[in-house]
Amino acid sequence: MIVTPPHASGVAARLLVSVSGLAPGAPLDAAVALADALDARRVPATLLAGPRPHPEVVAWATARRHVGDTVLLHGTRSDAADARRPYRRLPAHEAGLRLTAALRSRDALGLAVDGFAAPGWAVSAGTRTALAAAGLGLLVDDAGVHRLDADGAPSTSWRGPVTGPGAPPRRVTRRRGEPRLVHLALHTGVDPAVACELVDDALAAGATPLGAGELVSRRGPRRAPVTGDPEHWSITA
């Protein structure tokens with residue numbers, strides 16, 4: 001079984017359940033059924049939506065976000081295009097261009113997102129820099145969940161490998177005493193019984209379920225210190 005007891009540090013692990021498969025044209029029935037199963041267990045979902053989702057996906061993801069789920073931008077182009085130039089190799093300039101186009105599409109559709117997750121999970125330092133510059137300070141990658149500083153460096157993290165049906169076992173290095181993250185990555189096409197068993201196993205092991213946005217502070221990337229006369233500072237800066 002993928003999930004292991006989480007109490008090595010004396011603090012209960014956190015359970016993150018991400019849901020992918022919300023592709024353009026994909027039926028929502030499976031996603032709705034999976035979300036209902038998570039709701040029955042009081043487990044929030046972290047939904048991964050591409051930059052050009054179907055309007056029905058936008059409406060559903062927006063409604064789920066209003067009741068506590070997290071929505072992440074999942075890539076910036078088509079799956080095939082992303083596979084040809086994966087995010088783990090991108091310099092900051094190219095990642096920034098991709099993000100600008102993707103966020104423009106997102107804005108046109110009215111989809112609010114809380115952060116970013118790359119197809120394949122791995123991202124380069126340049127991609128992190130571009131995410132912070134674009135205001136996407138929440139990142140889920142192959143090492144955990146991170147809040148990014150203004151320069152793209154993780155300021156707060158919960159670390160743990162991505163697991164799920166068919167995922168190869170791997171380890172993520174954590175600092176001594178650092179609590180563990182259990183990240184279950186579920187596709188809407190997974191057998192519901194398998195998905196529920198994995199979630200139930202993590203809960204039985206003592207993991208506390210949280211969405212990606214709850215694991216780290218909701219504030220955006222920290223800005224550079226403001227200088228000058230405080231009389232002229234904006235209260236919204």
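## The aromatic pair

In this predicted model, the count of aromatic pairs comes to one. The partners are Y87 and F116, and their rings sit edge-to-face. For the geometry, the centres are 5.6 Å apart and the planes make an angle of 65°. That puts the pair in the edge-to-face class because planes over 60 degrees apart count that way.

Where do Y87 and F116 sit in the chain? Y87 belongs to the loop between α3 (79–84) and α4, while F116 is part of strand β4 (residues 115–117). The two are 29 residues apart, so to speak a link between distant parts of the chain.

## How α4 meets α5

Next up is a helix pair: α4 covers residues 92–109 and α5 covers residues 125–133. Their axes come within 8 Å and cross at roughly 45°, which makes α4 oblique to α5. As for handedness, the crossing is right-handed.

Which residues make the contact? On the α4 side they are A92, A95, G96 and L99. From α5 come G126, T127, T129, A130 and L131. Sorted by class, the contact has five nonpolar and four polar residues, with no charged ones.

## Confidence along the chain

Two stretches deserve a mention here. Residues 1–9 have a pLDDT below 50, and the model gives this stretch 30 contacts beyond near neighbours in sequence. Residues 219–237 are also below 50, with 17 contacts beyond near neighbours in sequence.

Terms used
Residues numbered from 1 in each chain as written. Predicted model: local features only at pLDDT ≥ 70, side-chain atom pairs only at ≥ 80, totals over all residues. Heavy atoms only, no water. pLDDT = per-residue confidence, 0-100. Contact = heavy atoms within 4.5 Å. Axes fitted to C-alpha atoms, helices over the stretch in contact; angles between N-to-C directions. Helix = DSSP H or I, 4+ residues; strand = E, 2+ residues; numbered from the N terminus. Parallel < 35°, antiparallel > 145°, perpendicular 65-115°, else oblique. Left-handed = near helix turned anticlockwise from the far one by under 90°. Nonpolar A, V, L, I, M, F, W, Y, C, P; charged D, E, K, R; others polar. Phe/Tyr/Trp six-rings, centres within 6.5 Å; stacked < 30°, edge-to-face > 60°.
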